Amino acid sequence: MILQLSGERKIEDARSHEPEIVSELRKLLARGVHAKPDPRRPGVYDVNDGGRVFFIYVSPASGCVTLLATWREESSQQGEKVSARRVFAA
């Protein structure tokens, strides 16, 4: 699905990432980006921008976006993209 959030959305950073990372996420969400909903957690998405994955939560009540985690995709030996997600308890 394509996730596009209009207006100036507040992005909370749960893990104190670099400001450039948060800015990149803001730009992606403003223009529209491929997002994969987490089937077990409503409002949680993997946002993929060809090399970096953002794990986010979008509050249905406020529309506020929380950046939970981010990581770079790694290429496998066959050239496939491999996501190296870190699992954590929410």
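Which residue takes a positive phi in the hairpin of β5 and β6? In this hairpin, which places six residues between its strands, the residue is Gly 63, with a phi near 80 degrees. The structure is a predicted model, in which local features need pLDDT of at least 70 and side-chain atom pairs count only at pLDDT 80 or more, while totals for chains, interfaces and linings use all residues. Residues are numbered from 1 along each chain as its sequence is written, and side-chain values use heavy atoms, with hydrogens and water left out.

Helices (H or I, at least four residues) and strands (E, at least two) are DSSP runs, numbered from the N terminus.

Asp 13 has Leu 67 as its bridge partner in β6.

Attention now turns to charged side chains. Side chains of opposite charge can pair when their charged atoms come close. A salt bridge is a side-chain nitrogen of Lys or Arg within 4 Å of a carboxyl oxygen of Asp or Glu, and a search of the whole structure finds three of them.

One of these salt bridges joins Arg 31 and Asp 49, at 3.3 Å from N to O. Arg 31 lies in helix α1 (residues 19–31) and Asp 49 in the loop between β4 (44–48) and β5, so the pair ties together parts that are 18 residues apart in sequence. Arg 31 is exposed at 56% relative accessibility, whereas Asp 49, at 26%, is partly exposed.

Another salt bridge links Asp 38 to Arg 41, with 2.7 Å from N to O. Asp 38 is buried, its relative accessible area being 11%, while Arg 41 is partly exposed at 30%. Lys 10 and Glu 12 also form a salt bridge, and their closest N and O atoms are 3.7 Å apart. Lys 10 is exposed, with a relative accessible area of 55%, and Glu 12 is partly exposed, with 35%.

Methods
Pairing = 2+ DSSP bridges. Buried < 20%, exposed > 50% of the residue type's maximum accessible area, 1.4 Å probe, protein only.
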